[in-house]
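Colleague: Could you take me through the sheet in this model, with the terms explained as we go?

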Amino acid sequence: MDEIRTRIDDVFDFIQKKGKTTSREVHKGVKISGDEVDKYVYVLRKYGLIKVSYGWFDTHLYINEDPAIRLADEFKSQLYADADNTAIFDKEFAGDIANKDIKALAFMSMLLTTD
């Protein structure tokens, strides 16, 4: 099954890789307009995925260490190995599971549970 990726996934992944960045860096790194960055930052901040700090000259973006996202990343890393570092699933099955964007699933569950 193919993974469906959107621009907001690219923005979130960029911020996550950097840990701390600015909206200008996201604009240049993801190659989207400043208005698009603002829209995606608004959504990511609204649902608690990132923290935003507004400065005089730029907007600073930080990853919000949400336990659901941390658990999703840990689950993803545990798909291939058990305590002996041997494969839990056969490679094809593990590949299908790993290709799913676990962060998107966590994000969707947050959307469904928030008021």
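Modeller: Two strands count as paired if DSSP finds at least two bridges between them, and helices (H or I, at least four residues) and strands (E, at least two) are DSSP runs numbered from the N terminus. This is a predicted model, in which local features need pLDDT of at least 70, side-chain atom pairs count only at pLDDT 80 or more, and totals for chains, interfaces and linings use all residues. Residues are numbered from 1 along each chain as its sequence is written, and side-chain values use heavy atoms, with hydrogens and water left out.

Colleague: Which residue in β3 stands opposite tyrosine 54?

Modeller: Strands β2 and β3 pair in the antiparallel sense over five bridges, and a hairpin of four residues joins them. Within β3, the residue facing tyrosine 54 is threonine 59.

Colleague: Why is one side of β1 and of β2 left without a neighbour in the sheet?

Modeller: The open sheet has three strands, paired antiparallel in the order β1-β3-β2. Because β1 (20-22) and β2 (50-54) each have a single partner strand, one side of each lacks a neighbour, and both stand at the edges.
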